[in-house]
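I opened my notebook to record what I looked up in this structure. The entries go from single terms to the whole chain and then to single residues.

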Amino acid sequence: MGRKILFVTTDQQRYDTLGCNGGSLSRTPAVDALARAGIRYERASPQSVVCMPSRSTILTGQHPSTHGVWMNGVPLPHDAPSVAAVLRDAGYRTAIVGKAHFEPFLDVFGRFEENTLAAHGTEPESGAHRGFEHLEFATHGAMGPLHYARWLAAEHPEELAGFYPVLDADFQVSADGGGETGAPQVKVNPIRRADYHTDWVADRTIAWLDSLDAGDDWFCWMSFPDPHHPWDPPEDEMARIDWHDVPLPEGYPTSTAERERILDGKPRHWRLWYDGTLVSNYEAPSKWVPATLTPDQLREVTARNAVECELLDEALGRVLAHIERLGWGDDVDVVFTTDHGELGGDFGLMFKGPYHVDALMRLPLVWRPAPSSGPAPAVVHKPVGLIDLAPTFCAIAGVEVPAWMQGRPLPVDDTDADARGFERVLTEWDSELFGVDVHLRTVTRDGLVCTAYLPGTCHDGSEGELYDLDEDPRQQRNLWDDPAHRAERDDLVADLWDNQPPTRSPRLRLEAPV
Amino acid sequence: MNGRRGSVRYEKRIDAPADDVWELVGDPARLCEWFPGIVSSAVDGDERVVTTATGLPIPERLLTVDPLLRRFQYRIDAPMFHEHLGTIDVFDLGDGTSLVAYSTDADPATLALLIGGGTAGALDELRTIMESRN
C-alpha cells in the first residue's frame, strides 16, 4: 500500500486570498494548517493564465506550446498524455470531481466528449477517460450537460435560476451587473449552501472515497469551480463579510490619474482594454469597460470572492476530516493550488487576459506530504510551476517520471531547489480572436519577471515588461525601457528564448470561444 | 470582429475532383453525412432544418445552390442570430484535386466561432469521405 494523493484545485484564486500567504479577509484554516505541516511555495506560476491551457499543463506535465492547447477553445486531444493514466497504470484508483475543462464548454454540435460523458453516468464506458476511471463534472453555475447541472435540475430545479447567467443573449461573457453596486458578474443567489457546487464537489469526492477499499491507492483531483466569476455564492453566507467594510485591494490605485499613469507604462493593450477600446480575448466580459469600475463595486466583488474562498476551505476541511475518519490520514499527500489568478482590482482591472503579472501568475501552492513520509515543513522561494505537479504525483506514487513530462518533482525546500536547479519558470500567452492577436512569452527568475511580446495586432514585437518583484511587488513600474536595467533585460530575454519548449506542429485548431 | 459581427473561414484541400466533392456538398439533404454533430437535415423547398447531436433543431434558409460556381450559401434563421451567412465554395485546382472553403459570418460574433468550429470538423470529415473513395 502506497501514498494516496488528494489533489485540490480551485479556479482563478489569488495568492493573497489565503491566510498562510498573508491574506486577512478570508479565513482559510484548512489550507493554512496544510501549509504549516507541509511545504508552501512563494513563487508558483502557471504556464498559462487561462483555464484550458493551464489545466492541460497540469494533466500532461507539458507547456502549452507542447501540449498544443494554446488558448481557451482549443480542445486537448484525446490521445494527449495524462498523469492520471500513468498513475492508473501503476495501480492507482483515479477520479476527477468538479471542473475539468480540457475541452470547450460551448458545444452546440455535441462534438466534445467531456460534455457528453455525464449522460452516461460517472464511469466511462471505455474504462477511463484521460486516465480517470471515475468522473463527475461541474462548472460555474448550473447550465449545460455536466453532472452537477443534471443533479441540480433533477433534485432542486427551483434553484437553477438563482445563478448568474454567465453568457448574455449574444453568447458573450455577460457584463450585466448585480448585487448592491451593479458590479459585473455579481448576482444574489438564494441557493442553499448544501446545493451549491462547492459543497457538491466535496460531497461527491467523499462519496467516491467511500466507495474505495481500505487498501486501495488512489489519486483524486478535487477541482472546485470557485472563486472564478461569476460571484454568486449562496446569499445566506454573505453575512460573513460586509462588503462595506472591505478595504480596497493594495494593488488598486485609487486615483484615476495614477491608474492611467501605471497602465501607460505598460504595452498598449493594457490601456486599450482599460478604456474599452480593445477586446483581445474571450475571458472577460467584452461589453464591460474596466475604467467604469467603482471602488464600491470592487469592494463587493472582493467580499463575494472572499466568501467563496472560505466556503472552499471549509469544503476541503470536511473532506480532510472524512479522510481521517477513513483511517487514511497518515498516508495521504495533499496538494492545493489553482489554475491561474484573478486581476482582482490590480491596476483598476478585473478578470483575466494577456497580463503577466502577479495577480494572474503568483499562485497559491501548498504540498502537505503524507505524514507517514516524515515531511519537514518548509517555505520554498525558488520559482516552480504547475508543470511540476504531474512529475510530483509520479514521485509520490513511486513511479518513474515519463520522458514526455517537462517539469520536475517539486522541491521540498530551497536547498533542494538549489541543488536541482529550480531557477526559472516560463509562462506563455497566445490569443487570436476575430482579427485581434496577442502573443507573450514570460520568464520569472532571479526576483524578476520579464515578458517579451511577439508581433500582433497592437504590438510590433519590440515591446516588453520587466519588473523587480522585490522592489516593485505590485508591478507598477515597467523597467523594460529603463537603460539602467538594459543588461538584466537582455540576459532575461536571451534566457527566455534559450529555454522555450518544443512546439506542437501542426498547431491545434481553435474550435469554440471557451 | 467588426462591431458585433464575426467572420470565420476554414479551407481544406481534398484529393478528389471538384465535381465529385460538389455532388455531396451541393446536396442540402446530405449535410448530415459529412458534418459531425448534425444528425439529420430535412429539406423542404428552400428551407432546411438540421438537428444537432445535442438535440437542437436549427432552421435554415437555402440562399444559393449554384452548380456552375460550385457555391452553396445558407442562412440560419434561429432567433439567437441577428444575422448569419454560411458559404461553401468548391474550387477546382486543375490537377484532379479541389479546395473547399467554408466560411461563417454571424452577428453576434461569438456564434460565428461556435458554428465555425463545427465547420472545421466538417471539412475534415468531408476530406476523409472523399479521399476514401480513391
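I began with a term: a residue is buried when its relative accessible area is under 20%, exposed when it is over 50%, and partly exposed in between, with a 1.4 Å probe and protein chains only. This is a predicted model, in which local features need pLDDT of at least 70 and side-chain atom pairs count only at pLDDT 80 or more, while totals for chains, interfaces and linings use all residues. Residues are numbered from 1 along each chain as its sequence is written, chains are lettered from A and ligands numbered from 1 in the order in which they are written, and side-chain values use heavy atoms, leaving out hydrogens and water.

**Chain A as a whole**

I looked up the secondary structure and found 14 helices and 16 strands in chain A; helices (H or I, at least four residues) and strands (E, at least two) are DSSP runs numbered from the N terminus. Chain A has a radius of gyration of 21 Å, close to the 24 Å of the globule rule for 514 residues, so it is as compact as a globular protein of that length. That radius is taken over C-alpha atoms, and the rule is 2.2 Å times the number of residues to the power 0.38. I also noted that the C-alpha trace of chain A spans about 60 × 55 × 45 Å along its principal axes, and that 64% of the 514 residues are buried.

Is A:Phe347 buried or exposed? With a relative accessibility of 1%, A:Phe347 counts as buried, and I located it in the loop between strand E9 (332-338) and helix H11 (358-361) of chain A. Its phi is near 65°, a positive value in a residue other than glycine. A:Gln12, which is not a glycine, has a positive phi of about 65° as well, and I found A:Gln12 in the loop between E1 and helix H1 (29-37) of chain A. I wrote these down because most residues other than glycine have a negative phi, and most peptide bonds are trans.

**Cis peptide bonds**

I then checked the peptide bonds and found that the one from A:Asp226 to A:Pro227 is cis, with omega near 5°. In chain B, a cis peptide bond joins B:Asp107 and B:Pro108, with omega about 10°, and B:Pro108 lies in the loop between E7 and helix H3 (109-132).
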